[in-house]
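User: Hello! I am new to this structure and would like a friendly tour. Could you take my questions one at a time?

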Amino acid sequence: MKTGSIGAQLTLWYTAVLCLGLILFSCSIWLALRHFLHADLESALVDQARGLNKYLQIEDPDADASLPVEIDEYSQSMPQDHLLLVLDAKGQPIYAAPTGLTLQPGGAGKPYKLRWKDHTYLAVVQTVLLKEGRVLTFLALSSEPVDRAVYLLGLLLIAGIPLFAVCGAAGGFWLSRRALRPVDAITERARTIGLNNLSERLPVPNTNDELQRLTETWNAMLARLESAISKISQFTADASHELRTPVAIVRLAAENALRKTRPEAEYRAALERIQKESENMTHLIEDLLFLARADFDHSTGETGTVELEGLIEDVCLDLNPLAEVKSITLRRKTPGQHVEVAGSLSALRRMLVILLDNAIKYTPEGGMVSILLEPHSEHATIIVEDTGIGIPEEARGQVFQRFFRIDPSRSKESGGHGLGLAIAQTIVAQHGAAIELRPASHGGSIFAVSLPLRASA
Ligand code: ADP
């Protein structure tokens, strides 16, 4: 029996409860039987004594001489194992069976126990009124058959309890092992599952009980783990891939510049290249760090009140030069009142910059980018709309995925790594909000973010 196993504990408890139950049951059976048998003997004795008294009164012999004969006749009809003594008013024995029997006092008119010649009896003494005067009858029935039955039953129960307990414990242990056998199988399999074979699952017992539900829950958890690990691996692979190109460029630029002595302008050009790629890598690493942290911490970090009208104005001022370079009109439509949401100012600002920057990036020269703020009773919606190239329907479900770019070559030209919208979506989710992408009627894209207002947040 394995120590610390549920099977052993169940068996111990089961045996203890079984023993207690058996002891209680046996004691009650034994006491009840003893009580009933003694009560039975007592009522038999009382009946016999009453019968004897009646017999004496009915027969009531005139002469003392015939009384022992009458009593002897009656005595013959009584159970073999009995004592009978009849005394006259002076206490002289009229009849004694067996001979030599003397009065064994006790009981005061009620049945009482006595020992005579190493045998146990239940006796009763009564006074009977006859014509000739009163006589004293002493009648005793052997209690040995009853005592023997009670004793034997006691022996049987004492011997039976350990036997039943041992059988019960063995049966209980076998049943618990049988019921818990799938747990061993599950434990064995769970031990073999690691990072290298996360796609394996635990065997599900078809028992429709707690064990089946437990294994199904574990399998669901394994599936979630597998998906999370695969996302992390993908993320790491994509990140390394993205970093490889700028690192190679930096190394080549440095190696080239160092290969021979060059004029200062060439060194400067190489250093500028290195500086540009380093900045590019810094941005990429910051984005990667943000997403990696967000994966483990779903809060925004700092929280406070963010006033959206002012924030939008600020972001538009910052990005206006970018729009101007491409002769894009940056239109802002806000309600002209304070609209407050709970959240992180820097995170919401970053999200708006991503959406507006993308809108400007993917809108051809001369186009228009609009940002609208619509307050509602419980939330405020920020809409960023452009007249740009739009997002094809089949790519709409993927644009929020990390490193996803519709046209990688175009996106790379503009310095994008396909992380902007993933970051925007993470920020929106951290604020308990949702971001929605819709096509604009004129071919561009519409990104709508609904944030819960400060009071309801
Ligand atoms: P990137 O940094 O490459 O722009 P994003 O995650 O911001 O990455 O965007 C993912 C892809 O979604 C982009 O490569 C681009 O193809 C597409 N996209 C994003 N915003 C727009 C937009 N306003 N108009 C058209 N395409 C867009």
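User: Which residues touch the most other members of the largest nonpolar core?

Analyst: Happy to start there, with a word on the basis: this is a predicted model, where local features need pLDDT of at least 70 and side-chain atom pairs count only at pLDDT 80 or more, while totals for chains, interfaces and linings use all residues. Residues are numbered from 1 along each chain as its sequence is written, and side-chain values use heavy atoms, leaving out hydrogens and water. A nonpolar core is a set of buried Ala, Val, Leu, Ile, Met, Phe, Trp, Tyr and Cys residues joined through side-chain atoms within 4.5 Å, and buried means under 20% relative accessible area, exposed over 50%, partly exposed in between (1.4 Å probe, protein chains only). Among the 51 residues of the largest core, those touching the most other members are Leu308 and Leu356.

User: Which helix gives the most to this core?

Analyst: Helices (H or I, at least four residues) and strands (E, at least two) are DSSP runs, numbered from the N terminus. With 9 residues, the top contributor to this core is helix 7, residues 345-361.

User: Between which domains does this core lie?

Analyst: Domain bounds come from an automatic or database domain assignment, which here gives domain 1 (6-151), domain 2 (210-296) and domain 3 (304-452). Two of these domains both give residues to the core, so it lies between domain 2 and domain 3.

User: What is leucine 308 in contact with, leaving aside its neighbours within four places in sequence?

Analyst: Contact means heavy atoms within 4.5 Å. With those neighbours set aside, the partners of leucine 308 are Val339, Val341, Leu373, Ala380, Ile382 and Leu451.

User: Which side chains of strand 8 point to the buried face?

Analyst: Side chains alternate along strand 8 (residues 340-343).

User: How many bridges join strand 6 to strand 8?

Analyst: Two strands pair if DSSP finds at least two bridges between them. Strand 6 (residues 304-307) runs antiparallel to strand 8, and glycine 304 has glycine 343 as its bridge partner. The number of bridges joining the two strands is 4.

User: Which elements cover the buried residues of helix 9?

Analyst: Helix 9 is mostly covered, with 8 of its 11 residues buried. The buried ones include Leu421, Ile423 and Val428. What covers them includes helix 5, helix 7, strand 11 (434-439) and strand 12 (445-452).

User: Is serine 176 buried or exposed?

Analyst: Serine 176 sits in helix 3 (residues 144-192). Not counting residues up to four places away in sequence, serine 176 touches Gly7, Leu10 and Thr11. Its relative accessible area is 7%, so serine 176 is buried.

User: And is asparagine 196 buried or exposed?

Analyst: Asparagine 196 belongs to the loop between helix 3 and helix 4. Its C-alpha atom is separated by 22 Å from that of alanine 292, 96 residues apart along the chain. With a relative accessible area of 74%, asparagine 196 is exposed.

User: What distance separates the centres of domain 1 and domain 3?

Analyst: Domain 1 covers 6-151 and domain 3 covers 304-452. Taken over C-alpha atoms, their centres are separated by 108 Å.
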